[in-house]
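Hi everyone, thanks for making the time today. I'd like to walk you through one structure, going from a strand and its neighbours to some aromatic rings.

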Amino acid sequence: MQDDILMKKLLLTNDPDGRWLDSETMLHAVGNIMFHASTVGVASNLHSASFPKNDITDQIELLGCPEPVGSIIRQISCKILCKCSGEGDIHSRIMSLFDLIGKYRWDAKVVLVLAAFASRYGEFWQLIQLYPCDTLAASIMRLKQLPYNLRPLKPQIKALSLLVKTMMDLAMCIIKFESLPLQHVELGNDVLIATKSLVYLAVYWITRSSLACFSQVADFSTKKHEQVFSDSTIIAAWELSSLAYRLSDIYSTLKGQVDVCQQEIERNLQGKLLSLVDEVHIDNQKVLNLVFASNNYLSLKDCSTQAKFGVSELKNKIVLLLISKPQLLPLEELLLLVQQTSDHPLSESLRDSYKILWLPLPSSDTWTDADEASFNFLSDSLPWYAVWKPKSLSSGVVKYIREEWNFKDEEPLMVVLDSNGKVSNFNALDMIKTWGLKSFPFSASKEAELWQDQNLTMQVLLSDINPLLAYWVEEGKNLCIYGSENLAWIKLFSDNITKLKQAGLHLETIYVGNSKLSEQHMKEIMTRTAAINLGVQLSFTKMRFFWLRLESMRRSKLKHGRTPSCDHVLAELSTMLDMNDKEHGWAVFGSGSLTHIMRLQGEEVMELLKNYHEWGENVHKLGLLGAIRNFLDPTFVKGPCSHSYLVPSSSEEGITQGSVICQMCKHPMKKFVVYQP
């Protein structure tokens with residue numbers, strides 16, 4: 001009954017007005033102070049894995065409040081100091097303090113009170129630590145009449161440290177409950193009422209314990225020498241230990257209740273996400289509110305500005321969820337993805353139609369320091385959106401992503417939610433690496449459409465690698481992509497190309513190495529071939545872009561059930577990606593205006609270049625590829641032939657999709673549908 005009366009009084013003081021404090025980060029900052037203080041005192045086991053040792057004070061967020069955090073903490077500290085030295089009922093003094101912090105949520109109330117005590121507690125131990133070697137600290141110690149010898153106060157200090165640790169553990173439990181997405185998932189009334197009641201009591205007793213701690217630290221400066229050795233120290237230690245015991249009892253009960261709430265919420269969240277597949281939505285808000293379920297209405301952030309916002313900002317937009325480890329992608333893959341989205345020519349016109357949102361998931365159930373460091377660095381550098389606090393994602397949501405969206409730690413995904421929150425593509429990553437924003441709205445059907453009747457051309461291979469190459473493709477120039485790591489072959493190739501250009505052949509060459517070359521190996525080749533005209537000098541990153549896009553093209557094709565045996569483009573891609581012969585090189589010839597290319601390897605390339613006098617005169621009338629084909633195959637005819645053949649649609653699944661190359665003239669074949677009664 002007393003607890004019921006107390007809770008009613010506490011609720012009368014509670015009048016939150018929407019202001020929000022990052023309570024967890026604040027508590028971590030408080031824990032750092034307490035940890036450093038405990039290393040000076042007698043209790044060195046205060047620190048735990050839940051409180052990082054690095055200074056994160058500058059990361060504390062306070063939104064919707066007219067005054068800064070420091071000002072609020074000073075007001076609380078002054079209020080507590082006045083109450084500690086004042087007369088009257090301690091309960092009345094505590095309720096007066098609750099009136100001061102009535103506009104804050106329960107988790108914010110408790111961490112603000114703890115922060116006020118931590119500043120006082122830290123100052124005391126800082127003086128104790130510094131006075132032996134710092135004259136200023138020694139002077140302040142004498143002025144405040146603080147005791148130099150703390151050994152007689154050991155029982156009191158030990159009890160104080162134990163109480164501080166218990167308060168911190170209980171505060172973390174309160175924060176955990178307050179962050180649960182109770183507004184998204186309904187729990188049984190009995191569970192909620194019982195847990196909330198415990199939260200109110202926990203906040204009250206932490207506040208009361210903070211007043212007791214304040215009072216005892218203040219007493220250190222008023223104790224006379226004879227009092228230090230008196231029974232008052234034992235009595236003070238007993239008072240603090242009693243409070244620690246009471247808080248510990250509340251903590252064990254509350255922790256069990258919070259765990260029950262969390263488990264039920266996780267089950268309900270996963271079930272609701274599974275049921276969304278069969279539902280029709282007017283927008284994406286219901287889905288996003290479940291995926292990013294949190295009691296914090298600002299669950300996302302803009303990486304470029306660090307501005308915080310809620311899922312309502314994504315309403316009526318296509319959302320691309322980039323799901324990966326906290327380390328995201330290797331550097332070249334990350335740069336390629338940025339280039340194909342943020343730096344794409346279509347980015348300005350499509351900026352408000354879609355958003356990329358990074359959702360990092362660690363390999364294990366817990367976040368390591370390395371995970372945190374990687375996420376913090378990348379989320380400050382990317383041009384996209386990110387989850388503000390990814391480690392607070394519901395485990396039910398994480399389980400859903402791993403099981404239903406088939407996320408594996410080794411392979412990132414880009415799940416596309418359309419403007420209604422429906423999954424339109426379970427992985428658009430390869431499509432975007434290949435086509436950039438041409439793949440908007442990024443659906444699986446759009447990916448199939450892009451490949452429909454698409455042959456492997458110079459435009460597909462080069463347009464998104466380098467602006468100059470894109471220009472050459474548009475101009476219809478004759479181009480040659482070549483690669484090798486054999487210096488002798490590269491020199492011989494360059495010498496022959498130079499002779500062909502001197503003989504009047506208009507041809508631009510682009511050296512791309514091969515798919516397996518490391519950056520160090522590539523730099524060695526570039527250094528040793530500095531005097532050789534390699535053609536267009538691509539950077540190592542741009543070379544990697546070329547090979548990464550080829551790999552993405554191959555995966556995109558395979559994802560749609562294609563096989564090299566029935567898909568000419570996939571067969572060419574697979575062959576090009578496997579051209580890593582160290583002894584010989586390869587070359588791909590083509591023109592921007594043509595819908596096909598020609599690939600040659602090793603001695604074939606040199607044989608072609610050395611015999612330019614036999615086929616060069618045909619370039620003007622047959623074109624570069626026509627002249628080459630006529631030289632290699634005298635039966636070649638210019639332009640498409642009249643050959644045709646029937647492909648039954650049921651003979652091989654998907655064989656009628658994509659392009660088919662004629663085995664006689666090597667041109668893409670036109671597709672017609674024949675109906676048979």
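Before we look at any strands, one definition: two strands count as a pair if DSSP finds at least two bridges between them. Please also keep in mind that this is a predicted model.

Let me start with the whole chain. The protein has 677 residues, and 52% of them count as buried. Its secondary structure comes to 26 helices and 13 strands. If we take contacts between residues at least 6 apart in sequence, 73% of them join residues at least 24 apart.

Now to strand β10, which covers residues 478-483. Which strands does β10 pair with? On the antiparallel side of the story, six bridges join β10 to strand β12, residues 586-591. Within that pairing, G483 stands opposite W586 of β12. Then there is β11, residues 508-511, which runs parallel to β10 and is joined to it by four bridges. Here L479 is the residue opposite E508 in β11. To get from β10 to β11 the chain passes through helix α20, residues 487-502, and this β-α-β crossover is right-handed.

Is β10 mostly covered or mostly open? Mostly covered: six of its six residues are buried. In a regular strand, side chains alternate between the two faces of the sheet. For β10, one side carries N478, C480 and Y482, the other carries L479, I481 and G483, and all of these are buried.

Y482 brings us to the aromatic rings, as it forms one aromatic cluster with W489, F493 and Y511.

How many aromatic pairs does the protein have in total? Taking ring centres within 6.5 Å as the cut-off, the count comes to 18 aromatic pairs. One of them is F440 with F442, an edge-to-face pair at 5.5 Å centre to centre, with 85° between the planes. F442 is buried, at 0% relative accessible area, while F440 is partly exposed, at 24% relative accessibility. F546 and W547 form an aromatic pair too, edge-to-face at 5.1 Å, again with 85° between the planes. In that pair F546 is buried at 0%, and W547 is buried at 3%.

Last, two charges over rings. The charged end of R19 sits over the ring of Y104, 4.9 Å from the ring centre. K109 has its charged end over the ring of W106, 5.0 Å from the centre.

That's my tour, and I'm happy to take questions.

Definitions and conventions. Residues are numbered from 1 along each chain as its sequence is written. This is a predicted model: local features need pLDDT of at least 70, side-chain atom pairs count only at pLDDT 80 or more; totals for chains, interfaces and linings use all residues. Side-chain values use heavy atoms; hydrogens and water are left out. Rings of Phe, Tyr and Trp (its six-membered ring) pair if their centres lie within 6.5 Å; planes under 30 degrees apart count as stacked, over 60 as edge-to-face and the rest as tilted. Buried means under 20% relative accessible area, exposed over 50%, partly exposed in between (1.4 Å probe, protein chains only). A charge sits over a ring if NZ of Lys or CZ of Arg is within 6 Å of the ring centre and within 35 degrees of the ring normal. Helices (H or I, at least four residues) and strands (E, at least two) are DSSP runs, numbered from the N terminus. Contact means heavy atoms within 4.5 Å. A crossover is right-handed if, with the strands pointing away from the viewer, the path from the first strand over the helix to the second runs clockwise.
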